[in-house]
Amino acid sequence: MKKALAVSIIGVIGISATVALASDIELSESSSAQDESNKANEDRSHDMEQNNDTEAEETEMEEGQETDSISLDRSEAAEDIAYQEGKREEAEQLIYEVHEAFNNITGYGAIDEFRFADFVHETREFEGESYVPMGSDLSYLLSYLLDDSKLRDDVENARELFYYAVNNEDTSVLRYAHRIMHDIDVYINDEGRQSDKDVFGVTETFGLEKSIERMHDRVNTE
């Protein structure tokens, strides 16, 4: 009778241990799954924070272009043309598109009908173009496609002229922003002076000293 009882007790203990072990395994698996879930959530949260930081920086950068003065500097870059790795084709395409946008608002007599009020209004546009996309394209070229070079400095000058012109409703400065992007496009995507298109000679990358200095004298306000 005592022997049977002992066996019974051992059996109960064995069952209890098995149940406890199973419970521990289930708890461990549950804890592991929860840890993975928490890590995934943390990763997503981190990615969202990075995206928000990037968007905030871009917004701040765009707002920072709103200026009532302008001072262009001569480029000191060692390279004439440099693209970020693997970005040459995209950069060349966007240069073409930005030039086309400038053509629409200033070229072929459009400047005579240009309306700043429509151009900067959120729900309006001029000749199919509007202020925010053009500014964003110029900023995108600078931040993500071009590397340190005279070409990048030229695009930065074009962006500075563009924002100044829009904020001060200055069509003369807007023309110079167009001329920079025109010359860049002609040399990058065409044959430069060998093409049948006129060039203005106002870029650091491809321009003429007299033409560059003349532009700086006319647009610098400081």
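Me: Which residues lie nearest the centre of the largest pocket?

Reply: Keep in mind that this is a predicted model. Nearest the centre of the largest pocket are His 99, Asn 103, Tyr 108, His 182 and Lys 197, out of 13 residues that line it. The space in this pocket is about 190 Å³.

Me: Which elements give two or more residues to that lining?

Reply: Those are helix 2 (88–106) and helix 6. Helix 6 gives the most, with five residues.

Me: What is the lining of the largest pocket like by class?

Reply: Six of its residues are polar, four are charged and three are nonpolar.

Me: Now for the helices. How is a pair of packed helices described?

Reply: Helix 2 and helix 6 pack with axes 9 Å apart, at an angle of about 140°. Angles over 145 degrees count as roughly antiparallel, so helix 2 and helix 6 are oblique to each other. Their crossing is left-handed.

Me: Which residues meet where helix 2 packs on helix 6?

Reply: From helix 2 they include His 99, Phe 102 and Asn 103, and from helix 6 they include His 178, Met 181 and His 182. By class, this contact has ten nonpolar, six polar and two charged residues. His 99, Asn 103 and His 182 are also among the residues nearest the pocket centre.

Me: How do helix 5 and helix 6 cross?

Reply: The axes of helix 5 (residues 150–168) and helix 6 come within 7 Å and cross at roughly 155°. That makes the pair roughly antiparallel, and the crossing is left-handed. Among the residues that meet are Leu 151, Val 155, Ala 158 and Leu 161 of helix 5, with Val 173, Ala 177, Ile 180 and Ile 184 of helix 6. The classes here are 15 nonpolar, one polar and one charged.

Me: And which residues make the contact of helix 6 with helix 7?

Reply: Geometry comes before the residues. The axes of helix 6 (residues 171–189) and helix 7 (residues 209–219) come within 11 Å, crossing at roughly 150°. Helix 6 is therefore roughly antiparallel to helix 7, again with a left-handed crossing. Helix 6 brings Val 173, Tyr 176 and Ile 180 to the contact, while helix 7 brings Met 215, Arg 218 and Val 219. Five of these residues are nonpolar, none is polar and one is charged.

Technical notes:
Residues are numbered from 1 along each chain as its sequence is written. This is a predicted model: local features need pLDDT of at least 70, side-chain atom pairs count only at pLDDT 80 or more; totals for chains, interfaces and linings use all residues. Side-chain values use heavy atoms; hydrogens and water are left out. Axes are lines fitted to C-alpha atoms, for helices over the stretch in contact, and angles run from 0 to 180 degrees between N-to-C directions. Helices (H or I, at least four residues) and strands (E, at least two) are DSSP runs, numbered from the N terminus. Angles under 35 degrees count as roughly parallel, over 145 as roughly antiparallel, 65 to 115 as roughly perpendicular and the rest as oblique. A crossing is left-handed if the near helix is turned anticlockwise from the far one by less than a right angle, and right-handed if clockwise. Contact means heavy atoms within 4.5 Å. Ala, Val, Leu, Ile, Met, Phe, Trp, Tyr, Cys and Pro count as nonpolar, Asp, Glu, Lys and Arg as charged, and the others, Gly among them, as polar. On a 1 Å grid over the protein atoms alone, a cavity is a set of points where a 1.4 Å probe fits but cannot get out, and a pocket is an open set with protein on both sides within 12 Å along at least five of seven lines; lining residues have an atom within 4 Å of a point. Grid points are joined across faces, edges and corners, and a volume is the space filled by probe spheres set on the points.
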